[in-house]
Amino acid sequence: MNKTVPNVIFKTRVRDESIGGGNPFRWQDVSTDDIFKNKNVILFSLPGAFTPTCSSTHLPGFEKKYEELQSLGIDDVYCLSVNDAFTMYQWSQKLGANKVKMLPDGNADFTRMMGMLVKKDNLGFGNRSWRYSMHVENGEVKQLFAEAGMMDNCPEDPFECSDVDTMINYLRS
């Protein structure tokens, strides 16, 4: 595999105490280079914040084993979803996820350019990311674990290979 990650700008919100008030956040553009350049990164993507498997297993698994991933040479772990920054933040708060970095792909630019955009109209979700995880070194995708059966309006939500344990086993090999 010799694919580089797409070059996009993510619209994120960052805490800025100088703003004051009950919502001390400001918009900040984050580029693909900001995330991946000269770094060893795990990114996993899932259909949506607050959804069952994403909330019970996928994100919590990476959060729980964050230190183990770091011990295997990983600099950062990102959770990407086709959701806005506000939703991603509130979801991380609800789950107590403070190690994994949340990455909103609200316009689905990254997901589309990765070839992972699917329709989930059958669930009323619109366009979403297919479930996958990947290991990226300095912007180059070293390994991609995409769930089988990728299709629009998939009646299932497979979760067999994009989990943290599959990634850890790969990193150890």
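## Strands side by side

Asn 40 sits across from Glu 137 of strand S9. That puts us in strand S4 (residues 40-46), which runs antiparallel to S9 (residues 132-137), with six bridges joining the two. Two strands count as paired if DSSP finds at least two bridges between them. Strands (E, at least two residues) and helices (H or I, at least four) are DSSP runs, numbered from the N terminus.

Before going on: this is a predicted model, where local features need pLDDT of at least 70, side-chain atom pairs count only at pLDDT 80 or more, and totals for chains, interfaces and linings use all residues. Residues are numbered from 1 along each chain as its sequence is written, and side-chain values use heavy atoms, leaving out hydrogens and water.

## Around S9 and S10

S9 also runs antiparallel to S10, again with six bridges. Glu 137 stands opposite Glu 140 of S10, and His 135 has Gln 143 in S10 as its bridge partner. The S9-S10 hairpin has two residues between its strands, and Asn 138 takes a positive phi near 50° there.

S10 (residues 140-146) has another antiparallel partner in strand S1 (residues 3-4), over two bridges. Here Lys 3 faces Val 141 of S10.

## The largest pocket

What lies nearest the centre of the largest pocket? Thr 12, Arg 13, Val 14, Tyr 89 and Met 102 do, out of 27 lining residues. The pocket holds about 560 Å³ of space. A pocket here is an open set of points on a 1 Å grid over the protein atoms alone where a 1.4 Å probe fits, with protein on both sides within 12 Å along at least five of seven lines; lining residues have an atom within 4 Å of a point. Points are joined across faces, edges and corners, and the volume is the space filled by probe spheres set on them.

H4 gives the largest share of this lining, seven residues. By class, the lining has 14 nonpolar, seven polar and six charged residues. Asp, Glu, Lys and Arg count as charged, Ala, Val, Leu, Ile, Met, Phe, Trp, Tyr, Cys and Pro as nonpolar, and the others, Gly among them, as polar.

## The second largest pocket

This one has a volume of about 160 Å³. Its lining has 13 residues, with Lys 11, Pro 104, Asp 105, Gly 106 and Asn 107 closest to the centre. S2 provides the largest share, three residues.
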